[in-house]
Amino acid sequence: MSVAVRPTRASSTNTLTAGKLPKLAPWGLLIISWAIFIVVFLLLKASGTTADFNIVGALFFGTVLFDILIVVVSMVVEGGRKAKDRLVTSLVTTAFIVTLLPLVSLVYTVLSRGVARFDAAYFNESMRNVIGVGGGALHAIVGTLEITAFAALISIPIGLLTSVYLVEYGRGRLARAITFFVDVMTGIPSIVAGLFAFALFSLFLGPAFRAGVVGSIALSVLMIPVVVRSSEEILKIVPNELREASFALGVPKWLTIIKIVLPTSIAGLTTGVMLAISRVIGETAPLLLTTGFTTSMNYDLFNDRMMTLPVFVYTQYANQGPDATPFVERAWTGALVLILIVMALNLLARLIGRLFSPKLSRR
């Protein structure tokens, strides 16, 4: 009597000998390549060849080294056909990384130079009677928040109502004219918006008038077309079936817009509004013309000059004293605070969109 012996499968397979790289091999090679050039650039800095550590250069040359390594390793282990596939994939990855390098450079530079004055005094003090070390940007932070908030208060209702009209009601020459002028306004330089607001208030209050409200008007000119275009595209993607179902139940069109269309698109509308705010919160030229600059606190939008963070950064960097270090440190910290404000606004927009968007359940 013979007993058949069934072949047993090996408990583990070595992927290197099976003609296939492990799944994490490309990531490992990328990290190794970056580590090599980070060490190289650190050695160059330590030897005095370069003044600063170049993180962008290290990541770029490390990515190029990764492209070479992944093709060579894949050629040896997996063969020529798979190596070509790895090459194309690595080139796509390289394009993505190169696209991100300016952002990485910006964040690294602002963080490394902005933390020097990121302290309590910076957020509790103004620049009144400060000519050297010390001082803060409280007056500029308050001015930026007030001016941007008032500009949003002007722009959001106008922009949303205009987009609702274009999508739900707009037909004929008037709608085409509005679309044309909105497209034109989208491309105007920011200094033109500042000149418009300055000229408008100069006609009534004189050329010497400077106030936060003038800056808000200038920023609203820049915000309105962004709100209109982004909101219009969001409203267009709301399914017509939702509108038709509401009309079939006898709901008026205006109530359908309020109860169906706007709640369905609230997440996208909020994102568009935050995009418009981010577009204008860092503007400098129109605010230099309209609000001027001051070293003192001013909470009144309708009276006297008001400082903003972009203007504060510009004046600190452009008008340095005998000792330039405290001025440059305040400028970099102002840039860091401005980035953090934009990030906080975007996180707030995501939270609002998640809380107020319609809850859809699948059964």
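Visitor: Among the contacts in the protein chain with a separation of 6 or more, what share comes from residues 24 or more positions apart?

Guide: The general idea is to ask how far apart along the sequence two touching residues stand. In this predicted model, residues 24 or more positions apart account for 72% of the contacts with a separation of 6 or more.

Visitor: How many helices and how many strands does the secondary structure of the protein chain come to?

Guide: One reads this by following the chain and noting each element in turn. Here the protein chain comes to 14 helices and zero strands, and read along the sequence its pattern is α-α-α-α-α-α-α-α-α-α-α-α-α-α. The radius of gyration of this chain is 29 Å, well over the 21 Å that the globule rule gives for 363 residues, so the chain is more spread out than a compact globule. Taken along the principal axes, the C-alpha atoms fill a box of roughly 110 × 75 × 35 Å.

Visitor: Which residues does the annotation "domain: ABC transmembrane type-1" cover?

Guide: According to the unreviewed UniProt entry, that annotation covers residues 141-349. Over this stretch the chain is 78% helix and 0% strand, while the end C-alpha atoms are 20 Å apart.

Visitor: Is Ser265 buried or exposed?

Guide: For a single residue, one looks at its relative accessibility, and under 20% counts as buried. Ser265 has 4% relative accessibility and therefore counts as buried. Its place is in the loop between helix H10 (253-264) and helix H11 (266-280), and, leaving aside residues up to four places away in sequence, Ser265 touches Ile234, Leu235 and Val238.

Visitor: What percentage of the residues of the protein chain count as buried, and how much area does the chain expose?

Guide: Here the view moves from one residue to the whole chain. Of the 363 residues, 36% count as buried, and the chain exposes about 21,300 Å², with carbon and sulfur atoms supplying 69% of that area.

Visitor: How many positive and negative side chains does the protein chain have?

Guide: One counts each set and then compares where their centres fall. The protein chain has 29 positive and 18 negative side chains, and the centres of the two sets lie 12 Å apart.

Notes. Residues are numbered from 1 along each chain as its sequence is written. This is a predicted model: local features need pLDDT of at least 70, side-chain atom pairs count only at pLDDT 80 or more; totals for chains, interfaces and linings use all residues. Side-chain values use heavy atoms; hydrogens and water are left out. Helices (H or I, at least four residues) and strands (E, at least two) are DSSP runs, numbered from the N terminus. The radius of gyration is taken over C-alpha atoms; the globule rule is 2.2 Å times the number of residues to the power 0.38. Buried means under 20% relative accessible area, exposed over 50%, partly exposed in between (1.4 Å probe, protein chains only). Contact means heavy atoms within 4.5 Å. Accessible areas come from the Shrake-Rupley method with a 1.4 Å probe; for residues, only the protein chains shown count as cover. Lys and Arg count as positive and Asp and Glu as negative; His and the chain ends are not counted. The place of a charge is taken as NZ of Lys, CZ of Arg, CG of Asp or CD of Glu. UniProt positions are given in the numbering used here, feature names are shortened, and annotations may be inferred rather than shown by experiment.
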